[in-house]
Amino acid sequence: MTSIRTAVITGSTSGIGLGIARTLASDGCNVVLNSFTDRKEDHDLASQLESEHGIKAIYLPADMSRAEECRALIGKAAAEFGTVDILVNNAGIQHVAPVEEFPADKWDAIIAINLSSAFHTIAAAVPLMKTAGWGRVVNIASAHGLTASPYKSAYVSAKHGVVGLTKTVALEFAEARIAATANAICPGYVLTPLVENQIEDQMKAHKMGRAEVVEKIMLARQPTREFATVGQIGGIVRFLCSPAADQITGTSISVDGGWTAM
Ligand code: NAD
């Protein structure tokens, strides 16, 4: 990277978000970590990134289900670092149920955290990027932003929405003639602590070993039968923030082992 950038990554205390934060910190970016909690270990994660990578890192609690907290997150990050150059919308939750039984409060929470939060953080960050004349918005969507599965109505709707939001923001950046891009990453299954727990649950439910659960249940729709890793997702974010990706905007990059090729 050419100069010290500031990156805000929502939902970055674990899994993909933390992996992206580690990658950007290792590239010399200052990093804002976020989740909805305010524990010592959250702030310790930021201190750890600082000592490992010699960058500045802070943890800012903000609940991505609340519009005003999404916008305040960007304001506080800019107050601390002067601007926000890179915005990674990663916070997300899941709930699985048939559509006729899907709890309305779960629908509302998934739409708020997985989709509306990205709208609010982008709305707050775009003026800063326009002022700076450079910016990167990377939205962590999903293979479910491009295709559907049963029982995931809210998640699939939110992630399709994220892909549409990404395209719109990209066109608005282009109209503004600034060196800013907006793209989505669409992972299939990524091996995160969340997915590790699902593997253990499925092993108990199906009385299968780990390898059989991974191949026959978890990765049934992922043709390579291999998980993506958080490091690989971080690598795609790194690429999208590099000059090689200056003309990549408004698109989705699938990291799904061939899922959406079928
Ligand atoms: P994770 O549960 O490990 O991480 C989610 C993060 O979001 C955590 O830091 C959590 O604290 C935070 N978060 C949850 N609710 C929040 C809220 N209200 N406000 C602020 N932060 C909140 O999950 P993950 O697997 O790393 O998933 C990260 C993103 O990647 C999600 O958007 C998910 O939909 C997407 N994704 C994951 C996979 C996968 O296989 N793991 C696949 C495709 C897409």
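Visitor: Which residues come nearest to the ligand?

Guide: This is a predicted model in which local features need pLDDT of at least 70 and side-chain atom pairs count only at pLDDT 80 or more, while totals for chains, interfaces and linings use all residues. Residues are numbered from 1 along each chain as its sequence is written, and side-chain values use heavy atoms, with hydrogens and water left out. Around the ligand there are 30 residues, a residue being near if one of its heavy atoms lies within 4 Å. Those that come nearest are Ser 14, Ser 35, Asn 90, Tyr 155 and Val 190.

Visitor: How many residues of the shell around the ligand are nonpolar, polar and charged?

Guide: In this classification Ala, Val, Leu, Ile, Met, Phe, Trp, Tyr, Cys and Pro count as nonpolar, Asp, Glu, Lys and Arg as charged, and the others, Gly among them, as polar. By these classes the shell around the ligand has 15 nonpolar, 13 polar and 2 charged residues.

Visitor: What is the distance from an oxygen atom of the ligand to an N or O atom in the side chain of Thr 192?

Guide: A polar contact here is a pair of N or O atoms within 3.5 Å. A ligand nitrogen is 2.9 Å from a polar backbone atom of Met 64, and a ligand oxygen is 2.9 Å from an N or O atom in the side chain of Lys 159. For the side chain of Thr 192, the distance from a ligand oxygen to an N or O atom is 3.2 Å.

Visitor: Where is Tyr 151 found?

Guide: Tyr 151 is not a glycine, although its phi is positive, at about 75°. With helices (H or I, at least four residues) and strands (E, at least two) taken as DSSP runs numbered from the N terminus, Tyr 151 is found in the loop between strand 5 (134-140) and helix 5.

Definitions and conventions: A polar contact is a pair of N or O atoms within 3.5 Å; within protein, one must be able to donate a hydrogen and the other to accept it, and residues adjacent in sequence count only if both atoms are side-chain atoms.
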